[in-house]
Amino acid sequence: MATADVCDLVDMIHCLGFQNQRTRKCISLAQTWMSHPPRRDGRYRKLHYPCKLDGRDVQPQECIDDADSRVAWEVAHLPGVGAYSLDSWRIFCRDELRGLATDWKGSGAATSDFVPEWKSVLPHDKELRAYLTWMWLKEGWVWDRQTGHKTRASEKMMRAARRGGVALEENGNWILETSPVKKAANGLTAYG
């Protein structure tokens with residue numbers, strides 16, 4: 001991708017729209033990745049991520065190491081990386097890059113009290129929130145997407161989840177989808 005022919009790439013992605021802009025961004029991202037790939041001992045500022053004013057004490061383009069307690073991220077220096085990318089990075093990749101676990105779920109962690117990074121992410125994207133809601137439910141918890149607090153899931157909720165229920169957001173409310181047919185099940189509203 002870093003050496004892609006611009007015209008070829010524009011032709012490949014023209015159906016997506018904004019193909020010229022997307023092409024420039026993809027090539028720039030790939031070139032930066034190749035010249036300065038994410039590494040465990042290098043973090044960069046992303047102003048106001050994950051919270052307002054985070055990153056303000058890190059200079060633009062400054063690279064800090066793990067001994068530095070300021071808020072910064074391994075992929076924040078890459079062009080086009082915003083909150084969605086950082087949330088996804090933290091959920092699925094960060095622990096493995098940092099050598100804390102062999103996967104994003106915390107497998108192979110050095111200590112039994114290791115807490116995977118995904119458990120501290122509060123994404124704004126509805127699909128990532130739905131995914132984390134499902135992940136917490138698999139562990140027996142109902143997760144509050146605004147605060148990150150969790151409460152034990154009821155047995156009814158766990159039965160619905162074991163039957164293949166999927167949490168999704170509709171009009172600001174979480175719905176547990178358990179069936180392709182519109183119905184109420186076990187005190188949960190389900191939509192198909």
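In what order do the elements of the protein run from the N terminus on? They run α-α-β-β-α-α-α-β-β-α-β-β-β-β. That makes six helices and eight strands. Helices (H or I, at least four residues) and strands (E, at least two) are DSSP runs, numbered from the N terminus.

A word on the source. This is a predicted model, where local features need pLDDT of at least 70 and side-chain atom pairs count only at pLDDT 80 or more, while totals for chains, interfaces and linings use all residues. Residues are numbered from 1 along each chain as its sequence is written, and side-chain values use heavy atoms, with hydrogens and water left out.

Now the whole protein. It has 192 residues, and 35% of them count as buried. Buried means under 20% relative accessible area, exposed over 50%, and partly exposed in between (1.4 Å probe, protein chains only). The accessible surface comes to about 11,800 Å². Carbon and sulfur atoms hold 53% of that surface. These areas come from the Shrake-Rupley method with a 1.4 Å probe, and for residues only the protein chains shown count as cover.

Next, contacts, meaning heavy atoms within 4.5 Å. Take those between residues at least 6 apart in sequence: 38% join residues at least 24 apart.

On to helix H2, residues 19-35. It has 17 residues and reaches 24 Å from its first C-alpha to its last. That is close to the 24 Å expected at 1.5 Å a residue. The expected span is 1.5 Å times one less than the number of residues.

Which residues are buried in H2? Thr23, Ile27, Ala30 and Thr32. Their cover includes helix H1, residues 6-13. Look at Thr23. Its relative accessibility is 1%, so Thr23 counts as buried. Leaving out residues up to four places away in sequence, Thr23 touches Val6, Leu9, Val10 and Ile13.

Now strand S1, residues 43-44, where Tyr44 is found. Is Tyr44 buried or exposed? Buried, because its relative accessibility is 11%. Beyond four places in sequence, Tyr44 touches several residues, including Arg39, Gln61, Cys63, Trp73 and His77. Gly55 is 11 residues from Tyr44 along the chain, and their C-alpha atoms are separated by 8.5 Å.

Last, the cysteines. Cys7 is exposed, with a relative accessible area of 54%. Cys15 is exposed too, at 65%. How many disulfides are there? A disulfide here is a pair of cysteine sulfur atoms within 2.5 Å. By this rule, the count is zero.
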